[in-house]
Amino acid sequence: MSSELISPSEAVAGEATLVDVRSAPSRIEFGTVAGAIVVDKDDVAIEFGADNRDRSERIVVFCGSVRGSGPVVEKLKELGYTNVSHVDGGFPALRDHGLPIQGV
């Protein structure tokens with residue numbers, strides 16, 4: 001299984017659920033993208049495993065780097081999600097792209 005790596009502009013094109021899987025210290029220091037769902041990597045199956053979730057919803061995962069977000073994308077695919085990707089450059093790329101950041 002391979003995960004789709006997309007640019008920040010692709011990440012924000014159209015409707016998508018943004019999922020921030022960075023560590024708490026990173027979110028505290030740098031903030032997070034406004035409106036993103038914050039989920040600990042270890043809790044992805046709990047948060048997204050509910051039967052009532054739409055498995056075709058567009059989900060874009062980001063971390064500090066693709067090494068952190070890639071495994072989360074794969075986990076979501078294992079849970080049956082079909083429209084999952086992650087951001088090339090992670091949170092820094094989204095921030096530099098101009099997305100609103102909160103908590104800083």
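Analyst: Start with strands. A strand is a DSSP run of E, at least two residues long, numbered from the N terminus. This is a predicted model. Ser85 has its place in strand β6.

User: Is Ser85 buried or exposed?

Analyst: Buried means under 20% relative accessible area. Ser85 has 6%, so Ser85 is buried. Its contacts include Glu4, Ile6, Ile59 and Val73, leaving aside residues up to four places away in sequence.

User: What is the strand order in the open sheet?

Analyst: The order is β1-β6-β5-β2-β4, with parallel pairing. β1 and β4 are the edges: each has a single partner strand, so one side of each lacks a neighbour in the sheet. β4 pairs with β2 over 2 bridges. In that pairing, Asp20 has Val38 in β4 as its bridge partner.

User: Which helix lies across β1, β5 and β6?

Analyst: Helix α4, residues 66-78. It runs at about 175° to β6.

User: Now the charges. How many salt bridges are there?

Analyst: Side chains of opposite charge can pair when their charged atoms come close. Here the count is 4. One of them joins Lys75 and Glu78, at 3.7 Å from N to O. These two are 3 residues apart in helix α4, about one helical turn. Lys75 is partly exposed at 33%, and Glu78 is exposed at 55%.

User: What about Glu57 and Arg53?

Analyst: Their side chains form a salt bridge at 3.1 Å, N to O. Glu57 is buried at 17% relative accessibility. Arg53 is partly exposed at 21%.

Terms used: Residues numbered from 1 in each chain as written. Predicted model: local features only at pLDDT ≥ 70, side-chain atom pairs only at ≥ 80, totals over all residues. Heavy atoms only, no water. Pairing = 2+ DSSP bridges. Helix = DSSP H or I, 4+ residues; strand = E, 2+ residues; numbered from the N terminus. Contact = heavy atoms within 4.5 Å. Axes fitted to C-alpha atoms, helices over the stretch in contact; angles between N-to-C directions. Buried < 20%, exposed > 50% of the residue type's maximum accessible area, 1.4 Å probe, protein only.
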